[in-house]
Each structure stands twice: as structure tokens, then as C-alpha cells.
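Have the sequence and the structure side by side as you read.

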Amino acid sequence: TQNLPILPTLLQTAILALLSASIPLSMTLTSTFLALTSDGSSRSVIVNPTLLESQAASSVHVMAFTSHGDLLVAESEGDFTLQDWEAVHDAAKAICCDDSNTSGDMGDEGMGEKNGSLMMFVKSTLEDKIESDLHWKD
């Protein structure tokens, strides 16, 4: 689990760098890091676990989804069942792709995790860049 927690950050940084450089892309991606913990009878998914939480977890997972909602990256370490993996997948997809609970303006609250998906954060960042780039026309 030493390198797995940094993978989502590297993926997001690469995509934002490409967007910042105005490189045309047919799609983007968003990614997240999750841990699956167990207290014996029940399991729960922790989003962006701390180092201690990820070390104590049964398994850790990195998942990335395209802007079309397709699974692009799935890296996992630890002990988990197929049902556990599906629960982690569903949680990751909701974090990365679900825009049903967005309020439009993302603000600075956790890169979109509280008010919407990470994809909405990427869209918002791209809109801000376009607005800034076109500001000279005003």
C-alpha cells in the first residue's frame, strides 16, 4: 500500500496539467482512493483514508473513471470479496461521476466531494480556465 495512495493524485494532476496546457482531449478522468474496513460483522468504505486508516484497513482501492462514467483504473490490495469490491466500485463511481446532487457552484469544499462529483470539479476548473483565457476579449 506504499504507492497506491498517491496514484489518484498523480492521475488528477496529469489530467489537470493537460487541460491547463489546452491539449484537446476526447475525455477526461477522475480518480479516488478508498479503504475497506471491517469490525467483524460489517464492512464500511472510507473515502480518502488517512495513513493510519489505510494501514488498518482490510483492503485499499484506487479507482478511476472516464468522463463518460466507464471504469478506467482499478487497483486493489488486501483481502476482499467480490461483493466488497462491488461496494467499493459503487462508492468510487458516486464520488467520481455522480452529478445528481450538485448545486452548480463547487466552491472550495474538498474538490467537489461535498457538493458534487470530482468530475464536476474538473468541469468547473476547465470553465474557469476558459473564462480566464478569454478574458482579454472583454
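This is a predicted model: local features need pLDDT of at least 70, side-chain atom pairs count only at pLDDT 80 or more; totals for chains, interfaces and linings use all residues.

What follows goes from confidence to the sheet, then to the helices, and ends with a few loop residues.

The protein chain has a mean pLDDT of 82, with 83% of its residues at 70 or more. Among the elements, strand 3 comes out with the highest mean pLDDT (96) and helix 4 with the lowest (76). Then there's the stretch to treat with care: over residues 101–115 pLDDT stays under 50, and for these residues the model has 25 contacts beyond four places in sequence.

Four strands make up an open sheet in the order 2-1-3-4, with antiparallel pairing. Strand 2 and strand 4 are the edge strands, each pairing on one side only. On average, neighbouring strands of this sheet are turned by 20° against each other, direction ignored.

Which strands does strand 3 pair with, and over how many bridges? With strand 1, the pairing is antiparallel over eight bridges. With strand 4, it's antiparallel too, over seven bridges.

| Residue | Stands opposite |
|---|---|
| Ala-35 | Val-60 in strand 3 |
| Met-63 | Ala-74 in strand 4 |

Strand 3 and strand 4 also form a hairpin, with four residues between them. In that turn sits Gly-69, with a positive phi of about 90°.

In a regular strand, side chains alternate between the two faces of the sheet. You can follow that in strand 3: Ser-59, His-61, Met-63 and Phe-65 point one way, while Val-60, Val-62, Ala-64 and Thr-66 point the other way. Are these residues buried or exposed? All of them are buried, whichever way they point. With eight of the eight residues buried, strand 3 is largely enclosed by the rest of the structure.

Leaving aside neighbours within four places in sequence, Thr-66 is in contact with Met-27, Thr-28, Leu-29, Leu-72, Cys-97 and Met-119.

**The helices on the sheet**

Helix 3 covers residues 82–97, which is 16 residues. From first C-alpha to last, helix 3 reaches 22 Å, close to the 22 Å expected at 1.5 Å a residue. Which of its residues are buried? They are Asp-84, Val-88, His-89, Ala-92, Ile-95 and Cys-96. Looking down the axis of helix 3, these buried residues fall within an arc of 135°, so they line one face of the helix. An α-helix has 3.6 residues a turn, so residues three or four places apart point the same way. Over on the other side of helix 3, Leu-82, Gln-83 and Asp-90 are exposed.

And what covers that buried face? The cover over the buried residues of helix 3 includes strands 1, 2, 3 and 4, along with helix 4 (118–133). Helix 3 lies across strand 1, strand 2, strand 3 and strand 4, and runs at about 45° to strand 3.

Helix 4 packs on the sheet as well, touching strand 1 and strand 3. Its direction makes about 155° with that of strand 1. Helix 4 has 16 residues and reaches 23 Å from first C-alpha to last, close to the expected 22 Å. Its buried residues include Leu-118, Met-119, Met-120, Phe-121, Val-122 and Ser-124. The buried residues of helix 4 pack against helix 1 (7–20), strand 1, strand 3 and helix 3.

**Two loop residues worth a look**

Most residues other than glycine have a negative phi. Ser-22, in the loop between helix 1 and strand 1, has a positive phi near 60°. Asn-48, in the loop between strand 2 and helix 2 (51–56), isn't a glycine either, yet its phi is positive at about 50°. Is Asn-48 buried, exposed or partly exposed? At 37% relative accessibility, Asn-48 counts as partly exposed.

Definitions and conventions. Residues are numbered from 1 along each chain as its sequence is written. Side-chain values use heavy atoms; hydrogens and water are left out. The expected span of a helix is 1.5 Å times one less than its number of residues. Buried means under 20% relative accessible area, exposed over 50%, partly exposed in between (1.4 Å probe, protein chains only). The arc is that of the directions from the helix axis to the C-beta atoms. Contact means heavy atoms within 4.5 Å. pLDDT is the predictor's confidence in each residue, from 0 to 100. Two strands pair if DSSP finds at least two bridges between them. Axes are lines fitted to C-alpha atoms, for helices over the stretch in contact, and angles run from 0 to 180 degrees between N-to-C directions.
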